[in-house]
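Reader: I'd like to learn how to read a helix and its surroundings in a model. Could you walk me through it?

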Amino acid sequence: MKKTALSRFSVSMPQELARQLDGMAAAKGYANRSQAVADMVRAQLVEEHAHAGGQEIAGTITLVYDHHRRNIQALLTDIQHDHQDLILSALHVHLDHHNCMEVLAVRGGADSVRQLADRLVTAKGVKHGKLTVTTTGKEFAR
Ligand code: NI
């Protein structure tokens, strides 16, 4: 693996905040403070990137719905067929007698993925839905 060149700079913050940072870093198993801070920066960059229009993002859309609700399955399927270009894979789990969970792996322009997620999450009958965004792996070197 290519070794990433490191940049060193000093950061000032309130003592209490630094103490909490160290506690969190230790609890999560980071080797040091720098690693923890770099991961937080990366997470924030992924978040910003996901709001930057045409940038390519990857992620998952999770939906929970009652399959007895009229038309819900047909509606969700219609929406998904309209966006095959964005949906890489779909997983359907029957949670119990009523509830289904669907997890869609998605990749595409940030705006398009977000629009698709909004359509699915707001579809009548969906109890809970959420888009989780990650990087395509091409940005934010580690
Ligand atoms: Ni089901």
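Reader: Which elements do the buried residues of α3 pack against?

Author: They pack against β1 (56–66), β2 (87–94), β3 (99–109), α4 (110–121) and β4 (126–134), where contact means heavy atoms within 4.5 Å. Helices (H or I, at least four residues) and strands (E, at least two) are DSSP runs, numbered from the N terminus. This is a predicted model, in which local features need pLDDT of at least 70, side-chain atom pairs count only at pLDDT 80 or more, and totals for chains, interfaces and linings use all residues. Residues are numbered from 1 along each chain as its sequence is written, and side-chain values use heavy atoms, leaving out hydrogens and water.

Reader: Which residues of helix α3 are buried?

Author: In α3 (residues 72–82), the buried residues are Ile72, Leu76, Ile79 and Gln80. Down the axis of α3, these buried residues fall within an arc of 100°, so they line one face of the helix; the arc is that of the directions from the helix axis to the C-beta atoms. His81 and Asp82 are exposed residues on the face turned away from the buried side of α3. Buried means under 20% relative accessible area, exposed over 50%, and partly exposed in between (1.4 Å probe, protein chains only).

Reader: How do α3 and α4 run, roughly parallel or roughly antiparallel?

Author: Two packed helices are described by the angle between their axes and the distance between the axes. The axes of α3 and α4 come within 10 Å and cross at roughly 170°. These axes are lines fitted to C-alpha atoms, for helices over the stretch in contact, and angles run from 0 to 180 degrees between N-to-C directions. The two helices, α3 and α4, are therefore roughly antiparallel to each other, a label for angles over 145 degrees. Leu76, Ile79, Gln80 and Asp82 in α3 meet Leu116, Arg119 and Leu120 in α4.

Reader: What does Ala90 touch?

Author: Ala90 sits in strand β2 and touches Gln80, Val103 and Leu104, not counting residues up to four places away in sequence.

Reader: Which residues coordinate the nickel ion?

Author: Look for donors, meaning N, O and S atoms within 2.8 Å of the metal (3.2 Å for Na, K and Ca); water is not among the atoms, so sites may look incomplete. Here His92 (NE2), His94 (ND1) and Cys100 (SG) coordinate the nickel ion at 2.0 to 2.3 Å. Cys100 is buried, with a relative accessible area of 2%, while His92 is partly exposed at 29%.

Note on methods: Parallel < 35°, antiparallel > 145°, perpendicular 65-115°, else oblique.
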